[in-house]
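I opened a new structure today and kept notes as I went. Here is what I looked up.

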Amino acid sequence: MTRVRKSAFNVREKLTELGRRFGLKGSELARAETVQDARNVISAGRKNLIINGDMRVSQRLGATGENDLTGSSDGFGVDRFRSWQAGGGELKLQQSTNAPPGFTNSLLHTVNTADTSVAAGDYYMIQQRIEGLNTHHLNWGTSNAKDVTLSFWVRSTVSGVYSVSLWRDNQTYNYVTSYEINNVNTWEYKTVTIPGPTGGTWATNTGTGIGIWWDLGSGTTYSTATTETWGQNNNFRVPSQTSWIGITNAEFRLTGVQLEVGRNATEFEHRHIGEELALCQRYFFTTKEFGVQYQ
């Protein structure tokens with residue numbers, strides 16, 4: 001019989017060294033207890049519920065067209081992002097090539113005519129509605145409701161507090177929160193985590209499963225001081241919302257928009273342009289050869 005003697009070692013130290021070799025993500029993956037945990041760590045599979053979040057698809061306007069909104073009107077600057085206004089201001093919508101690293105396009109809003117006296121019921125905002133067939137797995141309205149995280153890049157000529165909200169199809173069950181643009185003419189990355197609502201009735205068909213509203217200076221009718229909790233009725237902005245619409249030639253750019261399951265923002269999901277275009281064409285497509293549009 002041969003006896004082998006080895007010097008004593010500290011198991012905790014060895015495990016720590018092993019974690020260093022794995023790296024942060026490797027260590028998290030090694031600790032994953034379920035397949036879903038592992039998928040969340042490595043961001044496997046489709047995760048972004050937003051369509052055209054990088055603003056590359058612009059079927060209506062192309063790369064150089066623009067859409068001017070006046071009075072009570074709405075329209076698209078790029079696919080899937082619809083802007084609405086009601087008031088004395090005038091918005092110009094268009095696709096822009098000014099974008100943060102890793103992106104080629106953004107959605108640009110410009111104030112053509114300022115509204116310096118926004119009435120209580122006036123509104124100015126950017127919106128995307130997500131089809132219920134794409135949100136049913138969130139289990140919203142039940143005890144198993146999943147948390148989600150919204151992330152995006154924003155750049156504006158006007159700093160200050162801005163509002164963003166999520167809501168169900170009839171806009172009577174909302175979650176309102178805010179973010180801050182700290183520096184003008186600078187791309188800034190924002191993340192907002194929203195707890196899954198256990199109340200409310202949420203569409204799981206072709207209707208609106210979730211709506212998202214980025215406010216640009218709406219009236220006080222839509223303001224609420226009760227923020228970061230579900231249940232607000234037709235409220236979309238915080239009281240300290242910046243009146244971006246009140247400044248002539250003000251600019252507001254948005255890109256890299258992602259809504260995903262979980263309480264942490266992960267790297268933006270870049271999809272193949274053909275796939276992104278096809279997703280947009282479920283809701284709108286244009287046949288340029290014949291000059292015909294279908295919507």
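I began with a term: buried means under 20% relative accessible area, exposed over 50%, and partly exposed in between, with a 1.4 Å probe and protein chains only. I then noted that this is a predicted model, where local features need pLDDT of at least 70, side-chain atom pairs count only at pLDDT 80 or more, and totals for chains, interfaces and linings use all residues. Residues are numbered from 1 along each chain as its sequence is written, and side-chain values use heavy atoms, with hydrogens and water left out.

**Entry: overview.** I found 3 helices and 12 strands in the protein. These are DSSP runs numbered from the N terminus: helices are H or I, at least four residues, and strands are E, at least two. The protein has 295 residues, and 46% of them count as buried. I looked up contacts next, meaning heavy atoms within 4.5 Å. Among those between residues at least 6 apart in sequence, 73% join residues at least 24 apart.

**Entry: salt bridges.** I took a salt bridge as a side-chain nitrogen of Lys or Arg within 4 Å of a carboxyl oxygen of Asp or Glu. How many does the whole structure hold? My search gave 11.

I looked at Arg56 and Asp54, whose side chains meet in one, at 2.8 Å from N to O. Arg56 counts as partly exposed because its relative accessibility is 26%. Asp54 counts as buried because its value is 3%.

Next came Lys190 and Glu188, with a salt bridge at 2.9 Å, N to O. Both Lys190 and Glu188 are buried.

Then I checked Arg271, which forms a salt bridge with Glu276; their closest N and O atoms are 3.1 Å apart. Both Arg271 and Glu276 are buried.

**Entry: Arg168.** I located Arg168 in the loop between strand 6 (160-167) and strand 7 (174-181). Is Arg168 buried or exposed? Arg168 is buried, yet has no salt bridge. The nearest side chain of opposite charge is Asp169, 4.9 Å away. For charge, Lys and Arg count as positive and Asp and Glu as negative, while His and the chain ends are not counted.

What does Arg168 touch, leaving out residues up to four places away in sequence? I listed Tyr173, Asn174, Gly200, Thr201 and Trp202.
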